[in-house]
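Subject: Structure handover, side-chain notes

Hello,

Here is the structure for your files. My notes on its side chains come after it.

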Amino acid sequence: MAELGSKGVTAGKIASNVQKKLTRAQEKVLQKLGKADETKDEQFEQCVQNFNKQLSEGTRLQKDLRTYLASVKAMHEASKKLTECLQEVYEPDWPGRDDTNKIAENNDLLWTDFHQKLVDQALLTMDTYLGQFPDIKSRIAKRGRKLVDYDSARHHFEALQTAKKKDETKIAKAEEELVKAQKVFEEMNVDLQEELPSLWNSRVGFYVNTFQSIAGLEENFHKEMSKLNQNLHDVLLGLDKQYSGNAFPVKAQPRKKTKLFARLRKKMSSDSTPVKANKSPSPPPDGSPITSPETKTVNHELEPSTLEAPGASIPKSPSQPAEAAHAGAEAAGSEAAAGAEASKTEADSGSTSLPAVVVETFPATVNGAVEAGASSERADMPPGFLFKVQAMHDYTATDSDELQLKAGDVVLVIPFENPEEQDEGWLMGVKESDWIQHKELDQCRGVFPENFTERVQ
């Protein structure tokens, strides 16, 4: 009988809860359709909006703080492995071996202490702060349900009062339920009206304390870490003084492509009819008249390689867009076509002329852009001048197309005529002293390793 009674009570509660849900659902539908008025509290709604914003910001802060702690732990592991590597490579006969071991131990302890204090003073405080939100969120939702119950009871009571056939018993019961629903709602509403503004205002102090703790811990950590780093620096400085003759040499990147000048020399030696310009022709054996030296034509049978004379090529940096080169080629083609037309006209008139190379002059460019005033401002620089570098280390040339450098030498960097000739980590240039003295690129220019120099202009 006790079990049946217990089951009966449980079943009654379930039925009551189901009935409440149905009544609330019906009331909400009527309110949305505008057939029943809804109790509004704009001040409370603003408090709920602030609560949701505060919860969202706190959740994000907690997530980012956990990410920060994970990064600190990862840095700890990386630092630990690095110091372990130093301990392994530090040979027994080197000075300061015991000091490096002690520094490594203190480094590990410092990282561990930093991480633990962040957990205690920031993360746990963050968890406590956010721990109050779920309960308040649940109470806000419950308050909303009780407000619907209150509105439903109010509407039911009003409907019974305005009915044509009044039932005093039902009216009295409805009034009793209304008073009860109103009391439950107002109790919850009053509590939340006091707690939500207080919680909203507490965010300022919480954020201040949290970030002050993090900043203070970071400051102390970096201060102590700086001391350890200075100690390690002093130990290694002592090692460097004892073994100062074994300095690590700076090496250039290996060159993989064909040597530039070697290929040019081979190409020039293979030309059987080199082009000559500005030369007076010998009188023809038949005594025919000689045309004016100013008249020039283009010999279309010459190979492109014979057009490669100083000033005839288009200086172009490795990063210059292909469109610039294409535009230069079209300009050269137009000039050649005009010269060919002039040659044909002279041939028809029975005159002869000297073959000459059409020379195109282009302003210096950097990354495909024409430098403003390049022709006037950099008249004393080699064609296509890009920037200056200064040698930081001596470099001994290993090939005829490489520059020999001494620390302090200034080099004027110019582009490769063919970007495909450039090896990674190598630049083309002429030493400033050679350029000032000779003003000649063919004999002075060469390639050099970029990592031996530093840009100065």
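Is Trp94 buried, partly exposed or exposed? Trp94 is partly exposed, with a relative accessible area of 22%; buried means under 20% relative accessible area, exposed over 50%, and partly exposed in between, with a 1.4 Å probe and protein chains only.

Some conventions before the rest. This is a predicted model, in which local features need pLDDT of at least 70 and side-chain atom pairs count only at pLDDT 80 or more, while totals for chains, interfaces and linings use all residues. Residues are numbered from 1 along each chain as its sequence is written, and side-chain values use heavy atoms, with hydrogens and water left out.

Aromatic rings

The structure holds 11 aromatic pairs. Rings of Phe, Tyr and Trp (its six-membered ring) pair if their centres lie within 6.5 Å; planes under 30 degrees apart count as stacked, over 60 as edge-to-face and the rest as tilted. One of the pairs is Phe51 with Phe133, which is tilted, at 5.4 Å centre to centre and 35 degrees between the planes. Phe51 belongs to helix H2 (residues 42-89) and Phe133 to helix H4 (residues 133-161), so this pair ties together parts that are 82 residues apart in sequence. Helices here are DSSP runs (H or I, at least four residues), numbered from the N terminus. Both Phe51 and Phe133 are buried.

Trp94 has its own partner: the ring centres of Tyr90 and Trp94 are 5.3 Å apart and the planes are at 80 degrees, so the pair is edge-to-face. Tyr90 is buried, at a relative accessible area of 2%, whereas Trp94 is partly exposed.

Phe51 and Phe133 also belong to one aromatic cluster, together with Tyr129, Phe206 and Tyr207.

Charges over rings

A charge sits over a ring if NZ of Lys or CZ of Arg is within 6 Å of the ring centre and within 35 degrees of the ring normal. The charged end of Arg143 is placed in this way over Phe44, 3.6 Å from the ring centre. Arg455 lies over the face of Phe387, and the distance to the ring centre is 4.0 Å.

Salt bridges

A salt bridge is a side-chain nitrogen of Lys or Arg within 4 Å of a carboxyl oxygen of Asp or Glu. The count by this rule is 12. Arg139 and Glu195 form one, at 2.7 Å from N to O. Arg139 is in helix H4 and Glu195 in helix H5 (residues 168-242), so the bridge ties together parts that are 56 residues apart in sequence. Glu195 is partly exposed, at 31% relative accessible area.

Within helix H4, Arg154 and Glu158 are four residues apart, about one helical turn, and their side chains meet in a salt bridge of 3.8 Å, N to O. Arg154 is buried at 14% relative accessibility, and Glu158 is partly exposed at 36%.

Asp442 and Arg445 form a salt bridge at 3.6 Å, N to O. Asp442 is partly exposed at 44%, while Arg445 is buried at 14%.

A buried lysine

Lys146 is in helix H4. Lys146 is buried but has no salt bridge, and the nearest side chain of opposite charge, Asp149, is 4.2 Å away. For charges, Lys and Arg count as positive and Asp and Glu as negative; His and the chain ends are not counted. Which residues does Lys146 contact, leaving aside neighbours within four places in sequence? They are Arg24, Val184, Phe185 and Met188, where contact means heavy atoms within 4.5 Å.

Regards

How values were computed. Helix = DSSP H or I, 4+ residues; strand = E, 2+ residues; numbered from the N terminus.
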